[in-house]
Amino acid sequence: MVTQSSEESPGGRTAAEEKAIEDWLPVTGSREAKWWYAVFHKVTCMVGAGILSLPYAMSSMGWGAGVTMMVLSWMITLYTLWQMVEMHETVPGKRLDRYHELGQEAFGEKLGLYIVVPQQLIVEVSTCIIFMVTAGKSLQKFHETVCPSCSRIKLSYFIMIFSSVQFVLAHLPNFNSIFVVSIAAAVMSLSYSTIAWAAALGKGRDEHVDYSLRGKNTGDNVFNFLNGLGQIAFAYAGHNVVLEIQATLPSTPEKPSKLAMWRGVFFAYIIVAICYFPVAFIGYYIFGNSVEDNIMLSLDKPAWLIAAANMFVLIHVIGSYQIYAMVVFDMMETYLVKQVKLKPSFGLRFTTRTLFVAFTMFIGMTFPFFGGLVGFFGGFALAPTTYFLPCIIWLILKKPKKYGFSWCLNWIFIVVGVILMILAPIGGLWSIVNSAKTYKFYQ
C-alpha cells in the first residue's frame, strides 16, 4: 500500500491540490496588493451609479431629512466597514477572505451560507445590472450632447455597446489584474462628480427653484421618501467586496492585513465624502425638485463638459462592474470547482463569465428603470449587508459587554438598518411600477 504524503481535505483533495485551486480563484489568486490598491478598489466600487441619484434622493426627502440621512449613512457605514476589516482575521491563524466565510464563522457552516450568500449575490448581480443601465444612459446622453441633430438611438443598443467591453474585461483572472482599470475608474469618479457639482454651480440657481417635496400628493411624497432612503443606502454600498479586497493584501502576525486595509478604507472614505456631499447638496440646491434621477441628465451646458462627464461615468462603471462581478465570478468558480468538481480551466472561466455578462445585459436592457432599481435594491439587498449584518456578526464574534457603549451602538445601528431594509424597497418598487406603466420594452 502506498501512503499518501499530503493530507486530504474534506473534499477528498490533497492540501497541494486545494492550494492550487485557491491560487486559481479570483479572490485568493494573489496576496501581493498594496494598501493604496484598496483605496482605488473601494472608491471604484462605492462612487458609482449611486452618486448620480443623490440629488434626486434629496429632492424626495427635503433638506432636513436628506442631509441627516447622508451624514448618518457616511458615519454608520464607515463604522461597519471598520468592523469588517477588524474581523477579517478575528480567528488566530485564519483569514476570512469572503463575506460568506465571515458569516459562517458567526452563524455556523450551513446557516452562515444561507444568510450571507443570497444577500451578497443579490447585491452583486443587481449592482451590475444597474451599472449596465447607468452606462447605457451615459452613452446615450453623450450621443445626444455631441450630435443633437442625429437620429435617436435606442437605449438598448448603448447597453449592448457597454456590454461588449465587459465581455472582454470579464476574463481578467483576479482583483490585482484589474488594478489599472480600477485606478482609471477611481480617477474618473472624482472627475465626473466634480464636473457634476461644478457645472450645476456654473448653470446657477433658477429664481423659481422649488424645494418642496416632488410628489403630487401625500401618498406620492411618502413613497418618494422611502425610495430616497433606498437610493442613499445604495450609494453607500461597498461592504460586499471589502473582505475580498482585503484578501489580496499580504498579512503576517507582525503586520496583519487590517492595518493596511484600514488605511486604504479611511482614505477611500475621505474621497467618498469629497465626491458625495457636494454632488448631493449642490445638485439639489441648484435644481430643487426638478432634478432628474441621474443628475447628468439635468445638465446640458457647456456641451463639451457634459459630454466629457458622461464619458467619465462610462469609464468609471466599466471598472465598478468588474469589482462587483469579480466576487460573483469567485462564487461561481468556487462552486463549480469545489462542489461540482470541474477542473479549473480557461473554458470553464470563459463560459461562466460570458454567461453572467450576457444575463446582466439582458436584464438591464429589459428593465432600465434607474431610479427605481437603485431605491429597491438599495433597501432590499444593500441595507442588510452594509448597515446591520456586520453589527450582528460583531456582537456574536466579539461579544462586547452587555449594555456597554459598543453593545448599545451596534443595536442602534441594527434597528436603523432593519427599518431601512423594510421601508426603502417599498418606495423603489412603487417607482418601478410607475415607470413601467408607460414603458415600452427595448426602446
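A residue counts as exposed when its relative accessible area is over 50%, and as buried when that area is under 20%. Keep that pair of cut-offs in mind as we walk through this structure, which is a predicted model.

Let us start with Tyr403, in the loop between α14 and α15. Is Tyr403 buried or exposed? Its relative accessibility is 60%, and because the cut-off for exposed is over 50%, Tyr403 counts as exposed. Its backbone deserves a look too: Tyr403 is not a glycine, yet its phi is positive, at about 70°. The loop holds another residue of this kind. Lys399 also lies between α14 (370-398) and α15 (405-436), and its phi is positive at about 50° although Lys399 is not a glycine. With 62% relative accessibility, Lys399 counts as exposed.

What surrounds Asn410, once its neighbours within four places in sequence are left aside? The residues in contact with Asn410 are Tyr79, Gln83, Cys391, Trp394 and Leu395.

Neighbours within four places in sequence aside, Tyr236 is in contact with Met46, Met70, Ser73, Trp74, Thr77, Tyr269, Val272, Tyr276, Phe277, Thr386 and Tyr387.

Next, find Tyr56 in helix α4 (residues 54-87). Its relative accessibility is 14%, so Tyr56 counts as buried. Not counting residues up to four places away in sequence, Tyr56 touches Arg214, Asn227, Gln231, Val291, Glu292 and Asp293. How far apart are the C-alpha atoms of Tyr56 and Ile232? Along the chain these two are separated by 176 residues, while their C-alpha atoms are 9.9 Å apart.

One of the residues that Tyr56 touches, Asn227, belongs to helix α9 (residues 218-235). Asn227 is buried as well, since its relative accessible area is 1%. For a view across the model, look from Asn227 to Thr14: they are 213 residues apart along the chain, and 50 Å lies between their C-alpha atoms.

Helix α8 (residues 179-203) has 25 residues and spans 36 Å from its first C-alpha to its last, close to the 36 Å expected at 1.5 Å a residue. Just after α8 comes Gly204, with a positive phi of about 90°. Helix α11 (residues 257-287) has 31 residues and reaches 44 Å between its first and last C-alpha, close to an expected 45 Å. The residue that follows α11 is Gly288, and its phi is positive too, near 60°.

Leu190 lies in α8. With a relative accessible area of 38%, Leu190 is partly exposed. Beyond its neighbours within four places in sequence, Leu190 is in contact with Ile271, Ile274 and Cys275. Leu190 and Cys275 are 85 residues apart in sequence, but the distance between their C-alpha atoms is 6.3 Å.

Our last stop is a pair of helices. How do α5 (residues 99-107) and α6 (residues 109-146) pack? They meet at an angle of about 145°, with 7 Å between their axes, and their crossing is right-handed. On the α5 side the contact is made by Tyr99, His100, Gly103, Gln104 and Phe107; across from them in α6 are Glu109, Leu111, Gly112, Leu113, Ile115, Val116, Val117 and Gln120. Sorted by class, this contact has seven nonpolar, five polar and one charged residues.

Conventions
Residues numbered from 1 in each chain as written. Predicted model: local features only at pLDDT ≥ 70, side-chain atom pairs only at ≥ 80, totals over all residues. Heavy atoms only, no water. Helix = DSSP H or I, 4+ residues; strand = E, 2+ residues; numbered from the N terminus. Expected span 1.5 Å × (residues − 1). Axes fitted to C-alpha atoms, helices over the stretch in contact; angles between N-to-C directions. Left-handed = near helix turned anticlockwise from the far one by under 90°. Contact = heavy atoms within 4.5 Å. Nonpolar A, V, L, I, M, F, W, Y, C, P; charged D, E, K, R; others polar. Buried < 20%, exposed > 50% of the residue type's maximum accessible area, 1.4 Å probe, protein only.
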